Amino acid sequence: SKYAVSRNFYITSFSIIAGAFLFSALFFVNDYFKFKSEIKHDLVVNNELIEQKIVDSFFYTKLIMSYVGRQIANHGDYKDYKFIESVLNSYRMPSDGLMSWSVLSWVDEKNHVVVSRRFGHLRQKVDLSTRGYLKDSRQHPETIQINRPVFGAISGIYNIPIAYGVTNT
């Protein structure tokens, strides 16, 4: 009987400890998967927010380029560099500071930068004939053409070059 009580005590104690351990393990496993699911959900939501911000930025870019291009096309003189400079300087900076427009430029038909928003009318033209997106902007006017990131020929900063072909029609 002392032996039976002692044995029952050990079995009961072991059962309680094993049950508590099992319950704790299930609780932690459940909590881990719930936490993992919440992280995955947060990543998906933040990814969608980032994607939307990028899409909005490119949409805003197209609007600005369309505005600038239409004003120059309506003016009719693609070599009136003073007018082009004033148009390039007339756009409104985005309030969130995401897009840097300090490098907005006008490229002539020979793929030379002739006007830069930052430096105005350039006396010494900058050759961009190696940039394929300029050819694409002529083939597909009034659409934005995006190139891989490069160091800007004028700005010297790492940027994503975007071209917009302007026509007089």
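In which strand is the place of Ser116?

Modeller: The model is a predicted one, and in it Ser116 belongs to strand S2, which covers residues 112-116. Ser116 counts as buried because its relative accessibility is 1%, where the cut-off for buried is under 20%. Leaving aside residues up to four places away in sequence, Ser116 is in contact with Leu88, Leu104, Ser105 and Ile154.

Ser105 stands opposite Ser116 of S2, and the antiparallel strands S1 and S2 are joined by three bridges. The sheet itself is open and has three strands in the order S1-S2-S3, with antiparallel pairing. Its edge strands are S1 (105-107) and S3 (120-127), each of which pairs on one side only. On average, neighbouring strands of this sheet are turned by 25° against each other, direction ignored. Helix H2, made up of residues 81-88, packs on the sheet and touches S1, S2 and S3; the direction of H2 makes about 65° with that of S2. In general, the strands of a sheet pair through backbone hydrogen bonds, in either a parallel or an antiparallel manner.

Phe23 lies in helix H1, residues 2-75, and is exposed, with a relative accessible area of 59%. Together with Phe27 and Phe28, Phe23 forms a nonpolar patch on the surface, and the accessible area of the three together is about 390 Å². Thus Ser116 is buried, whereas Phe23 is exposed.

Note on methods
Residues are numbered from 1 along each chain as its sequence is written. This is a predicted model: local features need pLDDT of at least 70, side-chain atom pairs count only at pLDDT 80 or more; totals for chains, interfaces and linings use all residues. Side-chain values use heavy atoms; hydrogens and water are left out. Helices (H or I, at least four residues) and strands (E, at least two) are DSSP runs, numbered from the N terminus. Buried means under 20% relative accessible area, exposed over 50%, partly exposed in between (1.4 Å probe, protein chains only). Contact means heavy atoms within 4.5 Å. Two strands pair if DSSP finds at least two bridges between them. Axes are lines fitted to C-alpha atoms, for helices over the stretch in contact, and angles run from 0 to 180 degrees between N-to-C directions. Patches are made of residues with over 30% relative accessible area and no salt bridge: like charges are joined within 9 Å, nonpolar side chains (Val, Leu, Ile, Met, Phe, Trp, Tyr) within 5 Å. Accessible areas come from the Shrake-Rupley method with a 1.4 Å probe; for residues, only the protein chains shown count as cover. A salt bridge is a side-chain nitrogen of Lys or Arg within 4 Å of a carboxyl oxygen of Asp or Glu.
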